[in-house]
Amino acid sequence: MFKAPPPPAEVLLGFLSKLQRLLNEADFTATYKLALIISLSDLAVELGSDDGSELILTTRQIGERFVDLYWKQALPYGAGRLGTAPGILTQNNGAQAAVVSAIANFRSTVGAVSIHQARAHPAYNAMLSQVCQTVSAQPLKYLQNFGGSTDPFLYERLGGGRVRLLPGVAYCFRRFHPFVQQLSRARWVEHIKSNRRNTSILGEAGDLEEFLFSTSRQSLALVGEGLKKLDGNSCFYCGQALATFDVDHFIPFVLYPRDLAQNFVLAHPGCNRSKSDMLAGRFHLERWLERLLKRDDALQDIGERAGVVADAHTSHRIAEWGYKSAEASGGIA
Ligand SMILES: [Zn+2]
């Protein structure tokens, strides 16, 4: 395949300053545009390459990301908390965002199912089509309108439900992924908090960001149980027996905040802290990759039981990207 050279520094700077303007000046009546930026930057890491080439995505791929992102957010927030009135957070300044309603309706029709079971459900495709239609008619159409004009600096839309990330864009998303994610998530939290219809639902609770974007504690506990059976009762890093343990993100959450079952390992709280937000050394990477390949069925099973998406190929791609970026910027423990 033809490899385009990486874009020059001016392109990187142009990307950052335009994205900054977009985040400051765009009209965020709903959280969709933020979900779209998050989805595009994730897909650039998972499907793109480290050269300046374009990347063709489909509306369906983007729609699937929307379902993943809003899946947990379509459940009531605040259940069982003092001083709150549990309810589904409103993600739009007018009526509830159509994507949230479609997922919430689907969830209430099919009952308590994990995202895995949901994907296999006969009604899933109809819900996904609805989400894709909204993504196509709203954020994909309007994202690049800001500051009073249109500036198609990220993508152009092709026929047949395809979206072409312009040359250099996937490269920039890969290069600045943690930064893009942090900005978009912070805006998302702000948007939810500033909507008055969410005030009574939010109450005094301070874990909104965790609710919106992290795997729930119940799911993590199930992952922990599964990993104990798979890896034995020992710390992934030092190999010593575990009395108490943390379910650690092998690729740190701050570096890549999308939870896949393959990314979790058990570690002593101390070993987890000393690794902190750095990547583990190469020796551990080799062991982690070996587990990824050899224990794929068991890891799929853990993901299914815990309701966490499991995807070995994508996990591998994310690790490759993470270690390569860390080598460029220095971030390996
Ligand atoms: Zn340890």
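Helices (H or I, at least four residues) and strands (E, at least two) in these legends are DSSP runs, numbered from the N terminus. The views show a predicted model, in which local features need pLDDT of at least 70 and side-chain atom pairs count only at pLDDT 80 or more, while totals for chains, interfaces and linings use all residues. Residues are numbered from 1 along each chain as its sequence is written, and side-chain values use heavy atoms, with hydrogens and water left out.

View A. Let us start with Arg258, found in the loop between strand 6 and strand 7 (264-267). Arg258 counts as buried because its relative accessibility is 14%; buried means under 20% relative accessible area, exposed over 50%, and partly exposed in between (1.4 Å probe, protein chains only). The side chains of Arg258 and Glu46 are joined by a polar contact of 3.0 Å. A polar contact here is a pair of N or O atoms within 3.5 Å; within protein, one must be able to donate a hydrogen and the other to accept it, and residues adjacent in sequence count only if both atoms are side-chain atoms. Not counting residues up to four places away in sequence, Arg258 touches Asp42, Glu46, Arg65, Asp68, Phe253, Val309 and Thr314, where contact means heavy atoms within 4.5 Å.

View B. Domain 1 brings 20 residues to the contact and domain 2 brings 18 residues. Between them, domain 1 and domain 2 bury about 1,600 Å², with 50% of it on carbon and sulfur atoms. Buried area is the accessible area (1.4 Å probe) that two parts lose on being put together, summed over both. Which residues of domain 1 lose the most area to domain 2? They are Val45, Glu46 and His116, which together make up 35% of what that side buries.

**View C. The zinc site.** Four residues coordinate the zinc ion, through Cys235 (SG), Cys238 (SG), His268 (ND1) and Cys271 (SG), at 2.1 to 2.4 Å. Donors are N, O and S atoms within 2.8 Å of the metal (3.2 Å for Na, K and Ca); water is not among the atoms, so sites may look incomplete. The site of the zinc ion is tetrahedral, with angles of 95 to 119° among its four donor atoms. Four donors count as tetrahedral if all angles lie between 85 and 135 degrees. Along the sequence, the donor residues of the zinc ion follow the spacing C-x2-C-x29-H-x2-C. Cys238 lies in the loop between helix 12 (217-231) and strand 6 (246-249), and Cys271 in helix 13 (residues 269-275), so this pair ties together parts that are 33 residues apart in sequence. Cys238 counts as partly exposed because its relative accessibility is 35%.

View D. Residues up to four places away in sequence aside, Lys275 touches Tyr237, Asp248, His249, Phe250, Pro252 and Ala280. Ser276 is found in the loop between helix 13 and helix 14 (282-294). Phi of Ser276 is near 55°, a positive value in a residue other than glycine. Ser276 counts as partly exposed, at 40% relative accessibility.

**View E. Arg185 in helix 9.** The place of Arg185 is in helix 9 (residues 177-194), and Arg185 is buried, with a relative accessible area of 7%. Leaving aside neighbours within four places in sequence, Arg185 is in contact with Ile38, Glu209, Phe213, Phe253 and Pro257.

**View F. Cys172 in helix 8.** Cys172 has its place in helix 8 (residues 169-175) and is buried, with a relative accessible area of 1%. Beyond its neighbours within four places in sequence, Cys172 is in contact with Val11, Leu12 and Phe15.

Notes:
Four donors count as tetrahedral if all angles lie between 85 and 135 degrees; four count as square planar and six as octahedral if opposite donors are over 155 degrees apart and all others between 65 and 115; anything else is irregular.
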